[in-house]
Amino acid sequence: MRVAMIGTGYVGLVSGACFADFGHVVTCVDKDPTKIDQLNAGRMPIYEPGLEDLVAANVRGGRLSFALDGAEAIRTADAVFIAVGTPSRRGDGHADLSYVYAAAEEIADLIQGFTVVVTKSTVPVGTGDEIERIIRARRPDADFAVVSNPEFLREGAAIGDFKRPDRVVVGLEDERARPVMAELYRPLNLNETPILFTGRRTSELIKYAANAFLAMKITFINEMADLCEAVGADVQQVARGIGLDNRIGGKFLHAGPGYGGSCFPKDTLALVRTATDAGAPVRLIETTVEVNDARKKAMAGRVAAALGGDELKGKTVALLGLTFKPNTDDMRDAPSLDVAPALIAMGATVQAFDPEGMEEAAKVLDGVVFRDGPYEAVEGADVVVILTEWDQFRALDLDRVKLLLKQPVMVDLRNVYRPDDMRARGFRYTSIGRPQRA
Ligand code: NAD
């Protein structure tokens, strides 16, 4: 199959490279010349484990290429994927569909022969209908079908998720698209991946429902963590105790500073808007959004409390981890964007380190001093805060950390270390939802 992938970001680049690895001929198109130049030079514009090798192998194999101008690729494609961004629209939280619609217009002008136009971007219910309308209005003669095929990959584990997904969801209204989609994903038959064919609107909603459910699950355990702290229980044991029940499942039950990232915040908000507009409000999700926003903002207060006060004047805080989760350089809606400014507003000097995210972080975080490594960040600080659970922060030389700190205080917002252990090592240690025995 010949594939044109419009948008070469986290989703477009990973999907494009994986489809090429499945044996299809893929052109990844992006309007950002820097990205295309980097990719043509063999450099990855994003950090994603395993991506550089996968891209290199498929470029070498002649199945993967990159283009600023998608005309040729779109003309000859069996399937054109739209994988552009759908950020929150300023002001109202609706998904901003301007990039999707612009891509649809470009595609309309170019397709030749029967072409399946596949929306991989996360888009509100009814967007497929609008894409169909746009293409038809612009090219009444075009022969095409618009399909919804939401992406469920996680950054940091994106290649494995794409190649071994729990399921693939395909929403279509035109049966001619079914064999094309089945052929694109045929290699997944080997590992018996369920491919769920639904109507297009249903498929669009499945993506939002999945993300909203996961965001709610995280928020649920975060509230249980606060309750654990209030009543002297241990949230990790609560999570295990409930997670072993198959109806609940153990994943996404790690208490922390609140969810962030490029998907959950914007997708929960967009679902709330869609539901409100449709006259069927989703109150659980409205509350999830509110509780999570408040949580991220409250984390700086925990740091001040660990130093025995409610402000941080004259204090230095070492922040370990800035990206919204490990193994990515993605800073979109990361908790650090709430935590660092709040620490600074309370009077602190913040010195931070992140293994992959500092270049992005420097663009969006004002007033933070960036350091070259975890120990450099910790040096001379009054408290060290673990904000993202990168592997290298799980295995810190704690004696060295203790020597470098002005006082041995750690606030572990990811429950990486064990309270008893830390106390035995002489730290004043606080974490999330675990008993603080003296
Ligand atoms: P991204 O911002 O990393 O990438 C989008 C890319 O599209 C950018 O490089 C941009 O330059 C390009 N682009 C925009 N308009 C274009 C056009 N007309 N022609 C060519 N290129 C164009 O975004 P992302 O994180 O890859 O997300 C893309 C979509 O996938 C979003 O809807 C998102 O919600 C969804 N999604 C993301 C993830 C994730 O983990 N990042 C997971 C599942 C779904």
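**Exercise 1: the crossing of H9 and H12**

H9 passes H12 in a left-handed crossing, where left-handed means that the near helix is turned anticlockwise from the far one by less than a right angle, and right-handed that it is turned clockwise. The model is a predicted one, in which local features need pLDDT of at least 70 and side-chain atom pairs count only at pLDDT 80 or more, while totals for chains, interfaces and linings use all residues. Residues are numbered from 1 along each chain as its sequence is written.

Task: describe how H9 packs against H12, and state which residues make the contact.

Solution. Begin with the geometry: helix H9 (residues 200–231) and helix H12 (residues 283–306) pack at an angle of about 55°, and their axes are 9 Å apart. Helices here are DSSP runs of H or I with at least four residues, and strands are runs of E with at least two, numbered from the N terminus; axes are lines fitted to C-alpha atoms, for helices over the stretch in contact, with angles from 0 to 180 degrees between N-to-C directions. H9 and H12 are therefore oblique to each other, since angles under 35 degrees count as roughly parallel, over 145 as roughly antiparallel, 65 to 115 as roughly perpendicular and the rest as oblique.

Next, list the contact, for which two residues must have C-beta atoms, placed from the backbone, within 7 Å. H9 contributes Ala212, Ala215, Met216, Thr219, Asn222 and Glu223, and H12 contributes Leu284, Ile285, Thr288, Val291, Asn292 and Arg295. By class, the contact of H9 with H12 holds six nonpolar, four polar and two charged residues, where Ala, Val, Leu, Ile, Met, Phe, Trp, Tyr, Cys and Pro count as nonpolar, Asp, Glu, Lys and Arg as charged, and the others, Gly among them, as polar.

**Exercise 2: H12 and H13**

Task: determine how H12 is oriented relative to H13, and which residues meet.

Solution. The axes of H12 and helix H13 (residues 336–345) come within 8 Å and cross at roughly 45°, which makes H12 oblique to H13. H12 passes H13 in a right-handed crossing. On H12 the contact uses Lys296, Lys297, Met299, Ala300 and Val303, and on H13 it uses Asp338, Val339, Ala342 and Leu343; these divide into six nonpolar, no polar and three charged residues.

**Exercise 3: the two domains**

Task: locate the domains and characterise their contact.

Solution. The domain assignment, automatic or from a database, gives domain 1 (2–198) and domain 2 (234–430). Their C-alpha centres lie 33 Å apart, and 16 residues of domain 1 are in contact with 15 residues of domain 2. On the side of domain 1 that touches domain 2, the residues divide into eight nonpolar, five polar and three charged.
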